Amino acid sequence: MTAYAIGHIRPETMNQDILRYIEGIQATMDPFGGRFLVHGREVEAKEGPWPGTVVVIAFPDIERARAWYDSPAYRAILPLRTTHIEGEVILVEGVPAGYDASKTAASLRAAAGL
């Protein structure tokens, strides 16, 4: 099942380290089947504040997402970003094809006795 690395990145002042990080990240993702779905786009916040941008990277599965994040190649460039940019990064597994939220709601309703 597809998994995602999602980053909420705060506004930054561009510098050489950030550019080296951006130049090098694709090569760290390629061995794990990672590809950008969203990168550096401004968000349109509909609920609450959202300073900064969002990054979404898709991986074939959660194991490969974890392996990418923990890989020596990615760990080598990570400080180029974290030293200069505030933000959060999460890894999350997607839902299967045909997912129906109403079925989840029914299960939650039954479990809660509502």
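Hello everyone, and thanks for coming.

Before we go on, this is a predicted model, so local features need pLDDT of at least 70, side-chain atom pairs count only at pLDDT 80 or more, and totals for chains, interfaces and linings use all residues. Residues are numbered from 1 along each chain as its sequence is written, and side-chain values use heavy atoms, with hydrogens and water left out.

Leu108 is exposed, with a relative accessible area of 57%; the classes are buried under 20%, exposed over 50% and partly exposed in between, with a 1.4 Å probe and protein chains only. The C-alpha atoms of Leu108 and Phe32 are separated by 34 Å, and the two residues are 76 apart along the chain. How does the span of α4 agree with its 12 residues? The expected span of a helix is 1.5 Å times one less than its number of residues. For the 12 residues of α4 that should give 16 Å, and its end C-alpha atoms are 16 Å apart, which agrees. After α4 comes Gly113, with a positive phi near 70°.

Now to α1, residues 16-29. Its 14 residues should span 20 Å, and the end C-alpha atoms are 21 Å apart, which agrees. Where does α1 bend? The bend is at Glu23, by about 30°, taken as the angle between axes fitted to the seven residues ending there and the seven starting there. At the N-terminal end, Asn15 caps α1: a side-chain oxygen lies 2.9 Å from the backbone nitrogen of Asp17. That is a polar contact, meaning a pair of N or O atoms within 3.5 Å; within protein, one must be able to donate a hydrogen and the other to accept it, and residues adjacent in sequence count only if both atoms are side-chain atoms.

Which residues of α1 are buried? They are Ile18, Tyr21, Ile25, Thr28 and Met29. An α-helix has 3.6 residues a turn, so residues three or four places apart point the same way. The cover over the buried residues of α1 includes β2 (35-42), β3 (53-59), α2 (62-70) and α3 (72-82).

Rings of Phe, Tyr and Trp (its six-membered ring) pair if their centres lie within 6.5 Å; planes under 30 degrees apart count as stacked, over 60 as edge-to-face and the rest as tilted. The count comes to five aromatic pairs. For Trp68 and Tyr74, the ring centres are 4.3 Å apart and the planes at 40°, so this pair is tilted. Trp68 is buried at 2% relative accessibility, and Tyr74 is buried at 2% as well. Ring pairs link Tyr21, Phe59, Trp68, Tyr69 and Tyr74 into a cluster.

Tyr74 has a polar contact too: its backbone nitrogen lies 3.1 Å from a polar atom of the side chain of Ser71. Ser71 sits in the loop between α2 and α3 and is buried, with a relative accessible area of 6%.

Next, Asp61, in the loop between β3 and α2. Is Asp61 buried or exposed? At 16% relative accessibility, Asp61 counts as buried. A polar atom of its side chain lies 3.2 Å from the backbone nitrogen of Glu63, and one lies 2.8 Å from the backbone nitrogen of Arg64. Leaving aside neighbours within four places in sequence, Asp61 is in contact (heavy atoms within 4.5 Å) with Met1 and Ala3.

Asp61 also forms a salt bridge with Arg64, the closest N and O atoms being 2.9 Å apart. A salt bridge here is a side-chain nitrogen of Lys or Arg within 4 Å of a carboxyl oxygen of Asp or Glu. Arg64 is partly exposed, at 37%.

The count comes to five salt bridges. One of them joins Glu88 and Arg10, at 2.8 Å, N to O. Glu88 lies in strand β4 (residues 87-93) and Arg10 in the loop between β1 (3-9) and α1, so the pair ties together parts that are 78 residues apart in sequence. Glu88 is partly exposed at 40%, and Arg10 is partly exposed at 21%. Glu44 and Lys46 also meet in a salt bridge, at 2.6 Å, N to O, and both residues are exposed.

That's my tour, so over to you.

Technical notes: Helix = DSSP H or I, 4+ residues; strand = E, 2+ residues; numbered from the N terminus.
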